[in-house]
Amino acid sequence: MQKKNYYILLGVSNSASIEELKIAYRALAKKYHPDKNPGNKAAEEHFKEIQQAYTVLSNSEKRKKYDLKISYGKGFAPQKKHNPKAGTAYQNTQQSQQQSQQQSQQQFYAARKEKAHKHDKTENYQIPVSIGIAMLLLYFIISYSTDNKTELAGISNAELQNKRTQTPDPKEENNTPAKVYRFDSPYNLFFGEEKVNKESNNNIIIHNSNESEAVVCLVENKKPMKTIRNRYMNKGNFYKMENIPDGDYYLKVYYGNNWDSTITFLPKTVKGGFVNEIGFAELKIGKSIFKMKQQQSASGYSFSSYEIELNPSQKKDVKIITAEQFFR
């Protein structure tokens with residue numbers, strides 16, 4: 001299914017900065033959040049679209065890929081008419097978005113058509129120039145390959161194998177991004193592939209306080225206590241952790257502010273952390289154990305859903321742990 005234009009959904013230009021995206025997202029989130037529109041399915045679906053748009057556009061790599069799709073005219077679908085229950089303001093927003101999208105598409109295809117019919121004189125020599133550049137690149141590639149072969153000519157098989165498998169210097173390689181964005185998974189390289197059951201509706205809604213940023217981990221409450229999810233959350237945000245497999249789980253949290261990819265733990269095994277570190281905590285006491293189970297019975301279908309708030313100042317049902325215990 002084609003996607004709607006994310007820039008139009010957020011009401012920003014294609015060159016909008018991160019700050020502009022944040023401002024637009026927060027304004028729309030306040031307006032269409034399910035808590036503000038109880039029972040309004042149309043508003044709920046629109047809120048999900050807004051979240052998806054912000055998630056893509058606020059991530060530099062995802063945004064580049066998305067912009068490429070736009071440049072080739074992909075990834076758009078006509079806006080659908082929404083449920084009247086969404087309210088007049090919501091309908092007006094959708095109609096305005098639809099008109100803007102149609103105008104953008106018309107302008108794009110008109111520009112393509114005009115470009116197709118133009119025959120600039122420069123085209124007469126573009127092909128020879130391109131061929132010349134390609135030949136020059138080929139020359140450098142062949143020269144580089146020859147130099148490498150010459151360099152390795154006196155190396156034994158054992159030495160060559162050692163050179164290929166040599167562990168990179170940690171100072172030269174950094175697998176953790178310099179910045180993290182909301183709901184990124186900064187420690188996947190350490191904890192491994194995340195466990196997801198796409199057929200499961202089990203979920204936990206996590207609210208983070210305005211006191212600090214956090215990396216929250218979902219951990220199996222059985223040996224070997226494997227961490228199956230890790231998510232970065234900025235201040236004052238909330239995240240719905242979905243598709244959780246059946247089982248018993250608890251949370252552990254790393255609190256702090258100002259992410260820095262050069263910070264390391266254990267020693268230098270884990271990369272990335274907070275410059276202003278607050279500490280590590282484990283939430284596995286009392287109601288902080290999440291029992292996830294979904295099932296079909298004679299009375300109907302059921303699944304598990306929890307809601308929790310994170311706060312570095314919290315003392316009840318919290319166990320302070322070390323970095324070594326967090327990254328075990």
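**Side-chain contacts in the predicted model**

Arginine 231 has a relative accessible area of 12% and is therefore buried; buried stands for under 20% relative accessible area, exposed for over 50%, and partly exposed for what lies in between, with a 1.4 Å probe and protein chains only. The model is predicted, so local features need pLDDT of at least 70 and side-chain atom pairs count only at pLDDT 80 or more, while totals for chains, interfaces and linings use all residues. Residues are numbered from 1 along each chain as its sequence is written, and side-chain values use heavy atoms, with hydrogens and water left out.

Back to arginine 231. Which residue does arginine 231 form a salt bridge with? The partner is glutamate 194, with the closest N and O atoms 2.7 Å apart. The pair links distant parts of the chain, 37 residues apart: arginine 231 is in strand 3 (residues 227–233), and glutamate 194 is in the loop between helix 8 and strand 1 (203–208). Helices (H or I, at least four residues) and strands (E, at least two) are DSSP runs, numbered from the N terminus. Glutamate 194 also counts as buried, at 19% relative accessibility.

A salt bridge here is a side-chain nitrogen of Lys or Arg within 4 Å of a carboxyl oxygen of Asp or Glu. By that rule there are ten salt bridges. Another one joins glutamate 220 and lysine 195, at 2.8 Å from N to O. This pair too links distant parts of the chain, with glutamate 220 in strand 2 (residues 213–220) and lysine 195 in the loop between helix 8 and strand 1, 25 residues apart. Is each end buried or partly exposed? Glutamate 220 is buried at 9% relative accessibility, and lysine 195 is partly exposed at 34%. Salt bridges with shared partners also join Lys41, Glu44, Glu45 and Lys48 into one network.

Lysine 64 and glutamate 61 form a salt bridge at 4.0 Å, N to O. They sit three residues apart in helix 4 (residues 60–71), so about one helical turn separates them. Lysine 64 is exposed at 53% relative accessibility, and glutamate 61 is partly exposed at 48%.

Next, the rings. Rings of Phe, Tyr and Trp (its six-membered ring) pair if their centres lie within 6.5 Å; planes under 30 degrees apart are called stacked, over 60 edge-to-face, and the rest tilted. The count comes to 23 aromatic pairs. In one of them, phenylalanine 191 and phenylalanine 326 have ring centres 6.5 Å apart and planes at 70°, so the pair is edge-to-face. Phenylalanine 191 is in helix 8 (residues 188–191) and phenylalanine 326 in helix 9 (residues 323–326), so the pair ties together parts 135 residues apart in sequence. Both phenylalanine 191 and phenylalanine 326 are buried.

Tryptophan 259 and phenylalanine 274 are also edge-to-face, at 5.6 Å centre to centre with 85° between the planes. That pair links strand 5 (residues 247–265), which holds tryptophan 259, to strand 6 (residues 270–283), which holds phenylalanine 274, 15 residues apart. Tryptophan 259 is buried at 13% relative accessible area, and phenylalanine 274 is buried at 2%. Ring pairs link these residues into a cluster whose members include Tyr187, Phe191, Trp259, Phe274 and Phe326.

Last, helix 3. Its 17 residues (41–57) should span 24 Å at 1.5 Å a residue, and the end C-alpha atoms are 25 Å apart, which agrees; the expected span is 1.5 Å times one less than the number of residues. Among the buried residues of helix 3 are Ala42, His46, Phe47 and Ile50.
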